[in-house]
Amino acid sequence: MCKFSMIGLLVAAMLGSIGALNGQTTGGSSRSPSSPSMYGPKTTGTKRGTPPSRTGSTNSPEETRRGDAGKKRPPVTTITVELLTGSAGVGLKARQWAEILGKLDVVVTVRNGRSDDKVGVTERKAGPTLRSVVVVGELDNTGRLIFPDQVFSENDADKLSAWINELRLYGAQGDPNGRPVWGLTKEQFGVIHAGLKKPLAADTKDVAITQAVGLFELPKDHPIRFSSEAVGRLKERGGQLKVSQSLQGVSQGTALAVLLAEQRLGFRPRRLPDGAIELTVYPLEEKGKLWPVGWPREGSVPETCPELFQFKTVELDDEPLNAVLEAVAGVINVPILIDQSGLAGKGVDLAEVKITFPRKRTTWAEALKSFTYKAKSKLEVLIDEAGKPFIWITPIDAPTRPQKG
């Protein structure tokens with residue numbers, strides 16, 4: 001017997017056809033808290049609803065390989081270096097550096113610095129095939145070249161050559177690999193984040209992964225592409241790989257991260273040499289480098305998800321935990337998302353974990369904590385790209401992310 005004292009809603013859910021609850025784990029909240037941001041002020045989140053007509057594109061693994069083969073070449077790039085001097089005794093060093101840079105196919109100008117000069121790297125494009133990069137640096141009184149985030153001494157000719165080649169390939173932003181926020185500017189991250197905050201309109205439960213990825217409505221300038229390593233991962237897993245949970249109504253960034261994580265995959269923005277940005281899928285081993293499942297909440301758990309602290313009378317008798325979680329999500333109208341791959345790696349199958357809970361008046365927070373503990377798992381309250389709260393179920397020993405609130 002399974003009872004939740006809430007006008008019989010959960011009783012009907014648990015005693016009726018569980019299949020009717022397949023989409024309930026992604027119910028939205030009427031609140032619209034601010035969305036997460038890596039930079040500056042946060043923008044107001046949007047309400048869940050039906051997204052506008054599809055404008056983006058998604059490439060299946062086969063399409064990805066064809067697309068990679070036909071990628072545009074980076075623009076032809078000219079580089080101009082301006083060396084600013086001002087201290088006495090650096091004339092000889094300036095001539096030496098001019099000779100070194102000239103051998104790197106760089107146009108070099110040496111001049112006295114002015115009060116309004118700024119060290120920096122700028123870029124200007126002349127159509128899709130031509131690009132000019134201007135680098136302004138200072139020559140200090142020891143003869144070193146001082147550039148933004150770069151300092152070169154007379155023994156660093158090879159290092160300087162590598163940096164110039166990087167600018168020639170990637171433009172003023174340089175190689176994005178290994179840089180914070182995937183090497184994106186504040187504006188570029190904002191565009192990607194805005195595209196991923198829209199709620200996913202379609203239901204994904206029991207849909208093949210390659211078809212489910214095609215349900216995302218992303219800007220056409222930022223398509224999803226599978227890396228060769230990701231394609232290999234899908235081949236290794238074999239069979240008809242299907243999404244195990246509904247992600248309808250969850251913001252597209254979080255939904256895509258959860259969907260891919262089921263197959264030990266993830267995604268991140270990837271800036272290409274020609275300046276285009278794609279959402280590239282990689283194996284999950286790139287853990288810290290991939291787009292996260294949700295973002296740190298701004299407030300405390302009660303402030304972010306007050307539904308968890310409503311007192312209800314709960315009674316369960318040998319019910320499968322996966323069905324219980326679906327039913328609870330439908331009642332509190334907050335998505336409960338599952339780290340399926342993480343739990344499977346620990347030998348945990350929520351369908352095999354049976355929950356018995358003596359009749360008791362308690363909060364959902366306490367009840368869920370008790371339910372998940374039996375499955376050697378735990379819950380975290382996070383927010384998606386739209387600032388909406390959701391509950392994330394992970395193995396009990398999974399690292400807990402620090403929160404802002």
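Q: On what basis are the values given?
A: The model is predicted, so local features need pLDDT of at least 70 and side-chain atom pairs count only at pLDDT 80 or more, while totals for chains, interfaces and linings use all residues. Residues are numbered from 1 along each chain as its sequence is written, and side-chain values use heavy atoms, with hydrogens and water left out.

Q: How many helices and strands are there in the protein chain?
A: Helices (H or I, at least four residues) and strands (E, at least two) are DSSP runs, numbered from the N terminus. The protein chain has twelve helices and 15 strands.

Q: What span should helix α10 have?
A: The expected span is 1.5 Å times one less than the number of residues. Helix α10 (residues 321–332) has twelve residues and should span 16 Å, which agrees with its end C-alpha atoms being 16 Å apart. After α10 comes N333, with a positive phi near 60°.

Q: Is α10 enclosed or exposed?
A: Buried means under 20% relative accessible area, exposed over 50%, and partly exposed in between (1.4 Å probe, protein chains only). Because ten of its twelve residues are buried, α10 is largely enclosed by the rest of the structure; among them are L321, E326 and I332. Across the 405 residues of the protein chain, 48% count as buried.

Q: Which residues does T254 touch?
A: Contact means heavy atoms within 4.5 Å. T254 lies in helix α8 (residues 252–261) and is buried, at a relative accessible area of 0%. Leaving aside residues up to four places away in sequence, T254 touches V293, G294, L337, D384, E385 and F390.
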